[in-house]
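Q: I want to learn how to read a fold from its contacts. Please take me through the features step by step.

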Amino acid sequence: MKVAIVGASGAVGQEFMRVLDEQNFPVTELVLFGSQRSAGRIFTFRGKDHVVKLLQHNDDFKDIDIAFVSMGAGPAKEYAETITKHGCIMIDNSSAFRMDEDVPLVVPEVNGDDAFNAPRNIIANPNCTTIIMVVALKPLDNISHIKNVQVATYQAASGAGLAAMDELALQHSEIATAKGETTVKHFQHQLAYNVIPHIDVFMDNDYTREEMKMVKETCKIMHSDIRVSATCVRVPVMRAHSEAVWIETERPISPEEARAALHLAPGVVVMDDPRSNTYPMPIHCTRQDPVYVGRIRRDTSSDNGLAFWCCGDQIKKGAALNAVQIAQYMLAHKK
């Protein structure tokens, strides 16, 4: 297939190249696109150098089958017609189209068939925290319908991009060398040795936009009346997000039943043996494909409640890998 990566020089764009290679995706030709700032840069894919082309409103996508796009909501909306007008499938990593009724929002382990209902040739990749959570929720919902979810996220610096990751490293260096005030540009406050209960902007209901993404996206992906409440927190971890999740189901699910279902679920690895201090942590998940689940236990506040902890690599499964898996699902289940 002829494949494009739009936003090739960013953290997710670079991850797209790694994932396409790791997954042995059938790329016959790769075309890289970027902004004025990144046009002309050279990246190597499968032993061949590729020059980043300037993204423009022209016919560059005429012969491209799939475009993996990671360039922000504004540019995604601006260039969507240019990318899709000749039949190219645009798998978009931004928030631009996620809640549009005529754009499927897809996590292959949960609702892969939705990808075939894309009248605008646009498929939306969900928010990273939502992806990680719904991969773990789906096998439990299959046992008994999930009515309510409460989630607290512990989100790594990687969720804010490469520059934010660099800032966290710089802050630690500044503190270690006693240079006085730390550099704060990409977060609301110093992140090193701190946690910040604030990701994205606050909405009128005092939830942040990141939190409301989890609320709305979960319902759309799972085709469910599930009710979600989220608190999203930035933590001084370089890469991989963690989530503490509490669910209420229509009938009780025992921890043993949950573990058995999660063991069989695609894209999930169960790490759950508290007696040996075995549970998921970001260091296990960094640059790994699955969502890791542990700390599975009854919720002491609810008769039908279950609590668990999950982790996943935000840049990989939370972005690039999920998008590539959408394309793989479409190829494997072509209708």
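Q: How many aromatic pairs does the count come to?
A: First, the ground rules. This is a predicted model, where local features need pLDDT of at least 70, side-chain atom pairs count only at pLDDT 80 or more, and totals for chains, interfaces and linings use all residues. Residues are numbered from 1 along each chain as its sequence is written, and side-chain values use heavy atoms, with hydrogens and water left out. Rings of Phe, Tyr and Trp (its six-membered ring) pair if their centres lie within 6.5 Å; planes under 30 degrees apart count as stacked, over 60 as edge-to-face and the rest as tilted. The count comes to five aromatic pairs. One of them is Phe16 with Phe68, at 5.3 Å centre to centre and 35° between the planes, a tilted pair.

Q: Which elements hold Phe16 and Phe68?
A: Helices (H or I, at least four residues) and strands (E, at least two) are DSSP runs, numbered from the N terminus. Phe16 sits in helix H1 (residues 11-22) and Phe68 in strand E6 (residues 66-69). The two are 52 residues apart, so the pair links distant parts of the chain. Phe16, Phe25 and Phe68 form one aromatic cluster.

Q: Are Phe16 and Phe68 buried or exposed?
A: Buried means under 20% relative accessible area, exposed over 50%, partly exposed in between (1.4 Å probe, protein chains only). Both Phe16 and Phe68 are buried.

Q: Why is the pair of Phe33 and Phe61 stacked?
A: Look at the angle. The ring planes of Phe33 and Phe61 stand at 20°, with centres 4.5 Å apart, so the pair is stacked. Phe33 lies in strand E2 (residues 29-34), and Phe61 in the loop between strand E5 (53-54) and E6. Phe33 and Phe61 are buried.

Q: What is the strand order of the open sheet?
A: Strands of a sheet pair through backbone hydrogen bonds, either parallel or antiparallel. The criterion is that DSSP finds at least two bridges between two strands. Here six strands form an open sheet in the order E5-E2-E1-E6-E7-E8, with parallel pairing. E5 and strand E8 (122-124) are at the edges with a single partner strand each, so one side of each lacks a neighbour in the sheet. E2 and E5 run parallel, joined by two bridges. Phe33 has Lys53 in E5 as its bridge partner.

Q: Which helix packs on the sheet and touches E1?
A: Contact means heavy atoms within 4.5 Å. Axes are lines fitted to C-alpha atoms, for helices over the stretch in contact, and angles run from 0 to 180 degrees between N-to-C directions. Helix H2 (residues 73-84) touches strand E1 (2-6), E6, strand E7 (89-92) and E8. The direction of H2 makes about 155° with that of E7. Helix H9 (residues 316-332) also packs on the sheet, touching E6, E7 and E8. The direction of H9 makes about 160° with that of E6.

Q: Where is the hairpin turn, and which residue in the turn has a positive phi?
A: E3 and E4 form the hairpin, with two residues between them. Arg46 in the turn has a positive phi of about 50°. Strand E3 (residues 42-45) and strand E4 (residues 48-51) pair in the antiparallel sense over four bridges. Phe43 stands opposite His50 in E4.

Q: How many disulfides are there?
A: A disulfide is a pair of cysteine sulfur atoms within 2.5 Å. The count comes to zero. For Cys219, the nearest cysteine sulfur is that of Cys232, 15 Å away.
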